[in-house]
Amino acid sequence: MSKDSKTSKLTLGALILMIFTSVFGFNNIPRAFYLMGYASIFWYILAAITFFIPYAFMLGEMGAAFGESKGGIYSWMERAVNPKFAFVGTFMWFASYIIWMVNVGSSIWVPFSNAIFGVDKTQGWSIFGMTTGVQTLGILGILWIILVTFVTSKGLDKIKKVTSIGGTAIMCINVLLFVGGLVILILNKGEMAQPVSFEAFFKSPNENFTSMIQVFSFIVFAIFAFGGLEVVGSLVDETENAKVNFPKGLAISAIVISVGYAIGIFMIGTFTNWDFVFSSENNGFALATGSTAEVTLGNVSYIAMNNMGYQLGHALNLSEPHSMQVGVWLSRFMGLSMFLSLTGAFFTLIFSPLKTIIEGTPKGLWPKTFSKKNENGMCVNAMIVQAIIVCVMMAFIAFGGQSATKFFEILTNMTNVSMTIPYMFVAYAFFGFKRDETIQKPFTIYKGPNFYKLCVALVIFTVGFANVFTIIEPAINGDLAKTLWSIAGPVFFTIIALVMFTRYEKKSGSTK
């Protein structure tokens, strides 16, 4: 290994920031409070115990054992089960991140607009008066993909700088939430804006989340809030002292993220009265501030932070106009933080999944140019092809009219389930990993002969339940088409993966 490659290794702190940026979504905090109030804390903790923490420890054990592998989760599943099983799971996982880039590449400009104007003005944006808001966002998204691909091709050092900024931005907005909430609580002499009671931790103030079916839909939301941890699986070989730092980084991140979600949701209640801010019947916050925006999952984070500033102003005995201005500036800070956070996530996700599937899978599956690296150690040809695919899809959706919008909705529905099924693949592979005594295991958390089996079963059941409910819930509500497309996604990606792998086996003469 060259001296230059050594200097580019990820430290424990940089790894934790990268994990934090990839997994922790600040939006999940106000969204959870909006949907379930304090009751969301219970379901988030349950999701952390039954899925996130045990899953993180599984990744930690396998990551430490396969510290020299460059293929991330593919390499782990290949060794623990078999190559075909590993490729199907990894391909499905990779495809979901292509759709993520198409989606976020355009929507990232919403927080950017909030950072500048304090509100979302993207629908009115136009380039020389020749484009609509949707088309403008599509063009900006294409330029964004090109820029991120170019910068990422310059090497891991450039990515570390951006992801560190993104991780720091999210930490800043969380610090602001915690400190601001405490200050408001102290100034209001300990009185919570949302009353605390035993019942409040188990019953949602939102009338749309009171039945068992509605609560189940929130469990799915809670599990998805912890998604993305496997993205860093390909960074084991890029981590300094990987056998120690990689599992340690996963363990620390899993605990911090789980606790952070729970505390963050509670802190929202220090300055947010659900009926005053979110109830469509009361609409108190909208009337008080002159806001015309309807509360949705897309804008609830900005409304929550705007309300925080508004309530802080009142707690400090500022005038009504000044309190409103504090709210606008906090909304702008929220937009800036989310823009930087999504930027950090983009720089990780535009190369990490690609690195996993190109470097980890058999070389015969891909054109030789895909695995060719530039002087910075990046598979730049594969990155360019990936960028072209994402840009073409963005252009089609932006300029294709209603049919293109419908196409993207279908594509998103196909991907929703496919994004989490690989968690079940990895968890199942952990069975084989623990049973294989030929694999050296320098880091072990699951030490008992049966405890790991219980945890694997728990993770598979939890994710499986979430996916089954995600599939059947639209049909229960009358949207059969969405259910069918959700089923079609995993089937479609599985067929593509099996066709690719079968061709590879025939070409290489392998029957493994």
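The chain folds into 21 helices and zero strands; helices here are DSSP runs of H or I with at least four residues, strands are E runs of at least two, and both are numbered from the N terminus. Keep in mind that this is a predicted model, where local features need pLDDT of at least 70, side-chain atom pairs count only at pLDDT 80 or more, and totals for chains, interfaces and linings use all residues. Residues are numbered from 1 along each chain as its sequence is written, and side-chain values use heavy atoms, with hydrogens and water left out.

Start with the whole chain. Of its 512 residues, 56% are buried, meaning under 20% relative accessible area, while exposed means over 50% and partly exposed lies in between (1.4 Å probe, protein chains only). Among contacts (heavy atoms within 4.5 Å) between residues at least 6 apart in sequence, 80% join residues at least 24 apart.

Now zoom in on Thr 122, which sits in the loop between helix 7 (109–117) and helix 8 (133–152). Thr 122 counts as buried because its relative accessibility is 0%. Leaving aside residues up to four places away in sequence, Thr 122 touches Trp 109, Val 110, Ser 113, Gly 133 and Leu 137.

Next, find Ile 186 in helix 9 (residues 156–187). Ile 186 has a relative accessible area of 65%, so it is exposed. Its C-alpha atom is 9.2 Å from that of Ala 315, a residue 129 places apart from Ile 186 along the chain.
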